[in-house]
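Open the structure in your viewer and keep the selection tool at hand. The stops below each say what to select and what is there.

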Amino acid sequence: MTSLCFAKVNLTLDILSRHPDGYHHLASVMVNISLADGLIISQSESEEIRFYCRDSSVPGGEGNLVVRAARLFYEAADGMNLKLRRGLDIHLEKRIPMQAGLGGGSSDAATALRLINRLHNSPLTAGELHQIAAELGSDVPFFLTGGAASVRGRGEVITPLVDTPPLWMVLVKPDIGVSTAEAYAALDAIPDRESQRATHKMEAAINKGSAEEIIMRTGNDFEPWAFERYRDLAILYDDFMMAGCINARLAGSGSAVFGMLGSATHAEKVARLMQKKYSRVFIACTVGRNEALQYE
Ligand code: C5P
């Protein structure tokens with residue numbers, strides 16, 4: 001079985017209260033974008049889960065979220081006394097930059113869960129897959145729903161939204177990396193920090209179907225901290241605005257930044273300008289739910 005694993009951007013990211021377990025309550029609107037990895041999963045004669053990726057910077061074995069997804073799937077099936085034949089060959093084609101805030105690893109893992117379940121004629125319910133996804137990471141449950149969705153809780157409460165109109169964007173992955181755990185800890189250290197609370201208005205803009213309003217209402221609570229802590233990110237943001245973007249945002253907790261434009265032609269023009277200075281530049285458009293969940 002084959003599927004694309006689409007990346008995401010957060011159109012909004014409100015970081016709210018901190019739970020005693022260290023995780024944060026958040027409110028966000030996430031949307032799939034056309035930048036995607038490729039995943040091929042087939043059953044094999046061996047009893048092993050074998051993982052292949054041409055990109056040597058992608059960890060193999062248990063360090064890989066796709067392998068962990070496969071193991072957790074079979075553990076859940078064992079717990080339900082389902083006798084599934086478990087030899088798998090998994091091939092990943094990595095195109096989404098890592099450590100970027102674009103959810104690449106999470107999308108790969110969610111796609112693996114869907115494909116493996118289909119491969120065995122869907123023995124696990126959507127609810128059971130969702131539970132495994134939440135265990136794998138806070139961003140993983142969104143990718144089981146895909147398209148555009150509101151995300152709350154620590155990331156596991158998903159409300160599907162209607163598809164957005166096509167939104168064009170240019171993304172740049174700078175060389176610096178941002179640690180997600182450090183980013184959350186840094187926000188906790190800011191006294192009396194208030195969230196921008198951009199998510200409610202974004203949901204309304206999406207229901208209205210207005211691309212202009214969606215672009216103007218984007219927000220990300222990590223930005224004030226990230227742009228001060230990493231000067232290169234603030235410069236990258238300015239470069240996007242100078243290049244003619246309508247708006248620009250940090251992706252998740254970084255380190256990718258994306259600029260938003262009104263058309264594919266404008267996106268191509270901005271991408272050409274950004275390529276003069278940056279090496280990892282991507283053009284993408286939002287992807288609707290049906291396309292995001294397709295497989296063969
Ligand atoms: O769940 P995941 O492994 O993606 O989270 C990475 C880190 O991000 C966590 O260790 C935690 O520090 C932080 N996090 C958080 N609140 C969330 C999601 C993530 O504090 N809702």
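Select D188, which is partly exposed at a relative accessible area of 37%; buried means under 20% relative accessible area, exposed over 50%, and partly exposed in between, with a 1.4 Å probe and protein chains only. This is a predicted model, in which local features need pLDDT of at least 70 and side-chain atom pairs count only at pLDDT 80 or more, while totals for chains, interfaces and linings use all residues. Residues are numbered from 1 along each chain as its sequence is written, and side-chain values use heavy atoms, with hydrogens and water left out.

A salt bridge is a side-chain nitrogen of Lys or Arg within 4 Å of a carboxyl oxygen of Asp or Glu. D188 sits in helix α5 (residues 180-188) and R18 in strand β1, so the two ends of this link are 170 residues apart. Helices (H or I, at least four residues) and strands (E, at least two) are DSSP runs, numbered from the N terminus. R18 is exposed, with a relative accessible area of 51%.

Stay on strand β1 (residues 2-18) and select K8. Is K8 buried or exposed? K8 counts as buried, at 2% relative accessibility. Its salt-bridge partner is D139 (3.9 Å, N to O). D139 lies in the loop between α3 (126-136) and α4 (140-145), so the pair ties together parts that are 131 residues apart in sequence. D139 counts as partly exposed, at 25%.

Next, select R280 and D175, another salt bridge (3.2 Å, N to O). R280 is in the loop between α10 (264-275) and β11 (281-285), and D175 in the loop between β7 (168-172) and α5, so parts 105 residues apart in sequence are tied together. R280 is partly exposed at 32%, whereas D175 is exposed at 68%.

Then select D37, K94 and D108, which are linked in a network of salt bridges. A search of the whole structure finds 16 salt bridges.

Last, show helix α1 (residues 65-79) with helix α2 (residues 104-119): their axes come within 8 Å and cross at roughly 35 degrees. Axes are lines fitted to C-alpha atoms, for helices over the stretch in contact, and angles run from 0 to 180 degrees between N-to-C directions. Residues making the contact (heavy atoms within 4.5 Å) include L65, F73 and Y74 of α1 and D108, L113 and I116 of α2.
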